[in-house]
Amino acid sequence: MLRTEETPTYIAYTDSGYHICRDGGAYAYILLKDGEIIRKEAFLFRHESNNRGELHAIIAAIENLPYGADVQIRTDSQYAVNTLTGEWLQRRNTDLFARWHEIVRGKKLKVKVVWIRAHSGDVYNQMCDELCCETADVLMRE
């Protein structure tokens with residue numbers, strides 16, 4: 001269910017980065033409640049696309065929300081925004097979209113997905129990007 005209220009209780013920043021030479025990357029999220037960071041995590045992924053990484057980050061964030069939460073997801077992925085809001089068809093990555101729908105429905109989340117420009121000075125978007133880069137550096141050392 002997409003939310004309509006103006007002020008969410010939770011805000012989730014998400015990001016993903018992919019290294020083609022290592023066929024992998026990292027995704028991360030930062031979860032804020034009432035303006036305070038309550039959780040942040042990053043994970044490595046292999047043999048998947050950057051778009052899948054973006055969706056993994058969003059799913060990881062909403063998995064950590066309580067039942068009935070009101071959340072705004074802020075991502076610099078136009079793919080994620082356009083597919084999750086129904087602007088584009090969900091033709092690929094159907095397993096991840098099924099998981100998204102399962103969580104949103106099961107937890108009765110009120111969700112708004114918003115695109116933000118990458119590297120535009122948003123503190124939490126930048127922090128999420130740095131978390132991805134630090135985590136993905138593990139792949140570069142292999």
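Leaving aside residues up to four places away in sequence, Asn82 touches Glu87 and Trp88, where contact means heavy atoms within 4.5 Å. Asn82 is found in helix 2 (residues 78-84), and at 17% relative accessibility it counts as buried, the term buried standing for under 20% relative accessible area, exposed for over 50% and partly exposed for values in between, with a 1.4 Å probe and protein chains only. Between Asn82 and Gly121 there are 39 residues of separation in sequence and 23 Å in space, taken from C-alpha to C-alpha.

The model is predicted, and local features need pLDDT of at least 70, side-chain atom pairs count only at pLDDT 80 or more, and totals for chains, interfaces and linings use all residues. Residues are numbered from 1 along each chain as its sequence is written, while side-chain values use heavy atoms, with hydrogens and water left out.

Arg52 is placed in helix 1 (residues 50-63) and counts as buried at 15% relative accessibility. Not counting residues up to four places away in sequence, Arg52 touches Asn93, Asp95 and Leu96.

The protein chain holds four helices and five strands, these being DSSP runs numbered from the N terminus, with H or I over at least four residues for helices and E over at least two for strands. Read along the sequence, they follow the pattern β-β-β-α-β-α-α-β-α. The radius of gyration of the protein chain is 14 Å, close to the 14 Å that the globule rule gives for 142 residues, so the chain is as compact as a globular protein of that length; the radius is taken over C-alpha atoms, and the rule is 2.2 Å times the number of residues to the power 0.38. Along its principal axes, the C-alpha trace spans about 45 × 35 × 25 Å.

Buried residues make up 46% of the 142 residues in the protein chain. Of the contacts between residues at least 6 apart in sequence, 68% join residues at least 24 apart. The protein chain exposes about 7,600 Å², of which carbon and sulfur atoms supply 50%, the areas coming from the Shrake-Rupley method with a 1.4 Å probe.

A search of the whole structure finds five aromatic pairs, a pair being rings of Phe, Tyr and Trp (its six-membered ring) with centres within 6.5 Å, counted as stacked when the planes are under 30 degrees apart, edge-to-face when over 60 and tilted for the rest. Two of these pairs are set out below.

| Pair | Class | Centre to centre | Angle between planes |
|---|---|---|---|
| Tyr13 and Tyr124 | tilted | 5.5 Å | 40° |
| Tyr27 and Phe45 | tilted | 6.2 Å | 35° |

Tyr13 is buried, with a relative accessible area of 3%, whereas Tyr124 is partly exposed, with a relative accessible area of 24%. Tyr27 and Phe45 are both buried, and ring pairs link Tyr18, Tyr27, Phe43 and Phe45 into a cluster.
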